Amino acid sequence: MAFGGKRLLTVDWDTQDLRMALVQPRGTGIELLKAVSVPVPKDVASDDPERFGAFLREAIRQSRIGNKHAVFCVPREQVVLNTINLPPSPADDLPAIVLNQIARELPFSSDQAVIDFALSTDHDPKDPATALVAAVRVDDIDFYRKVATEAGLSLTRIGLRPYANRLAVMACVNEAADQTVLVVESGPHHTEIDVLRGGALVFSRSATATMPVLREERVDRAQDSRITTPGVLDARESEHTREAISRLMVEIIRSFEAYRATDTTASVDHIVVSGATGLEAELAQSLAARFAARAELFAPDKILDLSASRAKELRGFSAVLGLALGQERAPLVSFDFLSPKKPISRRTVRMRKVPRVALTAAFLVAAIGVTYYKFVHVPIAAADAMRLEVVALQPDKKRVTGFKELLENVEDWRSSEQYWPEVLATLTQEFPTSDVAQVTRISFDTVKDTKSKGKKYVAQMDMRLRTAELGVVNDITEKLRTLGFEDVIPDSESPIGGRRTSIYRFETGVRARLPKRKHVKVVKEATEEEDTKADAENSAEAKIETPEPVAATPDASTETAPMTGNKSNERSAVEPPVIENETAPANDAVSSAVTTSEEGAES
């Protein structure tokens, strides 16, 4: 972008310093008229456009820089940067191609960004090209506009800091055009790491690494009437500096390895370090040892015709001088976020397409009308009619909901209905004889089924036993399973201690889920058929002896007194038989007395 040879003020800043350079373009180079570096006060926030603009205006006034035409730059951390390949195309078509490709790769909408690009070489319509594309949020560009307005400046261009550093290094290092150059610009909070290959910027990254700015070792002295900056003194090596350098080295190595992922044969040929923190010299030595390459500090002595001591004062001015060097470059090889490259002659293209567009629009309107009536209007009318029906049925909704709740209550009642008396009758019929086992306690309980997702309840049984022989509980367990009991779990068999007064030698128990009600009914019917046959065969004078009542012990759940039984009609007993001299009882007994509380018995 040519500036007509007028004086130009280039400005760059970070959280610690404001750097300005007043230059005069001279052909392909520049003439330095004034360079100023001013520390940013702690009460001035660099992200506040009003306060920072006022600070910039005051710094320009005190530095006696009368020029109002300024160029700013956007730092790397505010930019989405990408490299794309372009086919052979006329220059007027390149912006449209770039925008079409980069819009799909942005992390935000292209409407919220200012997009510009720069070709790596001069454009030839017959050859393919490589473009470095940068996208900045509109809010960030508006910030720089506000700062310039508050400072009383007229913005002519907003460039890209990594690209400005590239131009400054290319101007100061003659070998950079044929080498792979690692460029490191250190800052107080952000360090920009760039890779140049064949003179083109092929990689750029901003690393967050806090670097101490040793202001107590910097003295204010004017070494040249054109240069007004704090003196730059290289920091002495210490534990503090080594720690900061070590953190930054990790980020630099990580960045170069990230670049090598795209070019596995890449190696560093040259290293250039810029910045004004005071750690640049030590950092350059560490980089030279790590990459086994020549490392030097940025020094614009040749391009500005300065002595080495004067050029040292401008070590942190690489971006400022690069902005000035890029001012005279052609638009296709420079960045300008203030006036980004856009597709040309869109209005002309639209005017040529007006007749075709009008015809197409008329066809589309007619097609949309027919489609709307056929596929939209009719379904909408049907939906409206159904909506009216729903409104009309709303009064019945409450009754339906109430009936549904009643059904749910009935279902809950059915799922929790207890039928343990039938189960108890089945157990009485199928239990072994009293000389084999005796039930000392049996309890039933209804609990929620943890295996079911819905509101479902199951009945459980816990039965305590005394057995005459070891292993009887296993036979009872198998019998319960055949009767339809679920999750039947036998307890361990423990010997009965003390003086033996009965034939029962072991204590044990069985826990199980009650069988399904329909299965219990089947067992009951089968039992009734067998009883009928037995009654027909037996004498009509057979009697059933009734056991004497025994006081029940209250329990939290439904229990039975000691119970035994056999498969034939036998008399019942509520107490276990007492055997003297360890002989078997004279008669079998089945105990089926259910212990309840006194009030429960009366009810």
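Student: How many bridges join strand β1 to β4 in this structure?

Tutor: In this predicted model, strand β1 covers residues 8–13 and runs parallel to β4. One of the bridge pairs links Leu9 to Ala70 in β4. The number of bridges that join β1 to β4 is two.

Student: Which residue in β8 is the bridge partner of Phe72?

Tutor: Strand β4 is joined to strand β8, residues 154–160, by six bridges, and these two strands run parallel. Within β8, the bridge partner of Phe72 is Ile158.

Student: Why is strand β4 described as largely enclosed by the rest of the structure?

Tutor: A residue is called buried when its relative accessible area is under 20%. Strand β4 spans residues 69–74, and it is largely enclosed by the rest of the structure because the number of its six residues that are buried is five.

Student: Within what arc do the buried residues of helix α2 fall, seen down its axis?

Tutor: Helix α2 covers residues 94–102, and its buried residues are Leu94, Pro95, Val98 and Ile102. They line one face of the helix, because, seen down the axis of α2, they fall within an arc of 95°.

Student: Which strands do the buried residues of α2 pack against?

Tutor: Among the buried residues of α2 are Val98 and Ile102. The strands that the buried residues of α2 pack against are β5 (79–86), β6 (113–119) and β7 (129–137).

Student: Which are the edge strands of the open sheet of five strands?

Tutor: The five strands of this open sheet follow the order β11-β10-β9-β13-β14, with mixed pairing. An edge strand pairs on one side only, and the two that do so here are β11 (200–208) and β14 (294–297).

Student: What angle does the direction of helix α4 make with that of β10?

Tutor: Strand β10, residues 190–197, pairs with β11 in the antiparallel sense over eight bridges. Helix α4, residues 161–172, packs on the sheet and touches β9, β10, β11 and β13, and its direction makes with that of β10 an angle of about 55°.

Student: How far apart are the end C-alpha atoms of helix α6?

Tutor: Helix α6 covers residues 280–291, and at 1.5 Å a residue its 12 residues should span 16 Å.

Student: Which residue follows α6, and what is its phi?

Tutor: The buried residues of α6, including Leu287 and Phe291, pack against β9, α5, β13 and β14. The helix is followed by Ala292, whose phi is positive, near 55°.

Note on methods:
Residues are numbered from 1 along each chain as its sequence is written. This is a predicted model: local features need pLDDT of at least 70, side-chain atom pairs count only at pLDDT 80 or more; totals for chains, interfaces and linings use all residues. Side-chain values use heavy atoms; hydrogens and water are left out. Buried means under 20% relative accessible area, exposed over 50%, partly exposed in between (1.4 Å probe, protein chains only). Helices (H or I, at least four residues) and strands (E, at least two) are DSSP runs, numbered from the N terminus. The arc is that of the directions from the helix axis to the C-beta atoms. Contact means heavy atoms within 4.5 Å. Two strands pair if DSSP finds at least two bridges between them. Axes are lines fitted to C-alpha atoms, for helices over the stretch in contact, and angles run from 0 to 180 degrees between N-to-C directions. The expected span of a helix is 1.5 Å times one less than its number of residues.
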